[in-house]
Amino acid sequence: MFKKLRGFCFFWVFCLLFAASSSQGANTILTGAGATFPFPLYEKWIEVYREKTGIRLDYQAVGSGAGIQKLLGREVDFGGTDAFLSQNELKQSHGGILHIPTCLGAVTIIYQLPENPVLKFTPELISDIFLGELSNWSDERISAINPDVRFPDLKISVIHRSDGSGTTFVFTDYLSKSNSQWQNQVGRGKKVRWLTGMGVEGNPNVAQLVKKIPGGIGYVELSYAKRHGFPVALIKNKSGRFIAPTLEALSKAADVPLPADTRILITDTPSPEGYPISAFTWLIFYREQSYDQRSRHKALQLGRFLWWTLHGGQKYNEALLYAPLPEEAIRKAEGIVRALQFRGMPLIEATSGGGR
């Protein structure tokens, strides 16, 4: 009787252990947080990747600044940011944070006007509007650049980001490079001291508020502009050409040598055909993955997902209005993913096995 009971207990313990171990992969959840700029693409990637692998991912679009802080606080497995970490932020990490680019995106100027004409803007005009020095759409400085458009006597209502935002960083970096007045009065940053306008969190909220306010103007990533039916302005680039934010113009803007760590800003591109407010966006993560009692299994799943974004994930970029990574960026990002470690040992065998 005792032997039968012992055998019965052993059988159930074995079943429970087997169930727990076999469900480990299916229940793996990778968490991320950060940039809203690439969120439409990341949302698609998460859906596709789960269908292909069974691995669940949760990404909170809370802004680049919050995403960086959540990774530094080790609250998430990876962060998303349109503003690469500064040297001071890298020093804070105490564990070596790596970056891989995921796509190229455009920061666009959106506005709410009767008949929604396609407008042209110079960096000086954008700066004057977002500094509050140009306050009505009937101002002759706007019509001088857009002589074929009839502008109403309508107040310009500026909408900007209030949170720590990579989109803001890209936008203000562009204005700082192209306009000395902006550089002297506001400068660049994920958060800046705005001199006019109303602040809201996230690309979606900027788009929604501009949509509601006649005369509203703001800046959002291209996919948000198209999703909400806005025209997108042509921006005068460094070569003096007015360029629309097409995928081809994004790729032209990125036709520059890349550093080994891929941390580079491509705003105000010298390319004659490049859109001037273009940017890479990055996923960020720790080089050493054995922190805070993380399992090797989870580290492997993160590595495999990162590898997939560089290959299988790229084919979804264009449909969502993000330009795919240039080959040079993919090669350098592959090397960065290969640098992932667990207790000092590389994870390369598992990550490279993810394939293209």
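**Figure 1. Packing of the buried residues of helix α9 in the predicted model.** The buried residues of α9 pack against β4 (97–111), β6, α7, β7 (198–200), β8 and α10 (222–227). In helix α9 (residues 202–212), the buried residues are Gly202, Asn203, Val206, Ala207, Leu209 and Val210. Buried means under 20% relative accessible area, exposed over 50%, and partly exposed in between (1.4 Å probe, protein chains only). Contact means heavy atoms within 4.5 Å. Helices (H or I, at least four residues) and strands (E, at least two) are DSSP runs, numbered from the N terminus. This is a predicted model in which local features need pLDDT of at least 70 and side-chain atom pairs count only at pLDDT 80 or more, while totals for chains, interfaces and linings use all residues. Residues are numbered from 1 along each chain as its sequence is written, and side-chain values use heavy atoms, with hydrogens and water left out.

**Figure 2. Contact of helices α5 and α7.** Helix α7 (residues 166–178) packs with α5 at an angle of about 120°, the axes being 10 Å apart. Axes are lines fitted to C-alpha atoms, for helices over the stretch in contact, and angles run from 0 to 180 degrees between N-to-C directions. The two helices, α5 and α7, are therefore oblique to each other; angles under 35 degrees count as roughly parallel, over 145 as roughly antiparallel, 65 to 115 as roughly perpendicular and the rest as oblique. The crossing of α5 and α7 is left-handed, meaning that the near helix is turned anticlockwise from the far one by less than a right angle; clockwise would be right-handed. From α5, Pro123, Glu124, Ile126, Ser127 and Phe130 meet Phe171, Tyr174, Leu175 and Ser178 of α7. Six of the residues in the contact of α5 with α7 are nonpolar, two polar and one charged. Here Ala, Val, Leu, Ile, Met, Phe, Trp, Tyr, Cys and Pro count as nonpolar, Asp, Glu, Lys and Arg as charged, and the others, Gly among them, as polar.

Figure 3. The structure holds 22 aromatic pairs. Rings of Phe, Tyr and Trp (its six-membered ring) pair if their centres lie within 6.5 Å; planes under 30 degrees apart count as stacked, over 60 as edge-to-face and the rest as tilted. The ring centres of Phe130 and Tyr219 are 6.1 Å apart and the planes stand at 65°, so this pair is edge-to-face. Phe130 belongs to helix α5 (residues 123–131) and Tyr219 to strand β8 (residues 216–221), so the pair ties together parts 89 residues apart in sequence. Phe130 is buried at 1% relative accessibility, and Tyr219 is buried at 0%. Trp137 and Phe151 form a stacked pair, 6.4 Å centre to centre with 5° between the planes. Trp137 is in the loop between α5 and α6 (140–145), and Phe151 is in the loop between α6 and β6 (157–161), 14 residues apart. Trp137 is buried, with a relative accessible area of 0%; Phe151 is buried as well, at 16%.

**Figure 4. Crossing of helices α2 and α12.** The axes of helix α2 (residues 39–53) and helix α12 (residues 296–310) come within 12 Å and cross at roughly 120°. That makes α2 oblique to α12, and the crossing is right-handed. Trp45, Val48, Tyr49 and Lys52 of α2 meet Gln301, Arg304, Phe305, Trp308 and Thr309 of α12. Residues of this contact divide into five nonpolar, two polar and two charged. One aromatic cluster is formed by Phe39, Tyr42, Trp45, Tyr49, Tyr59, Phe78, Phe305, Trp308 and Tyr316.
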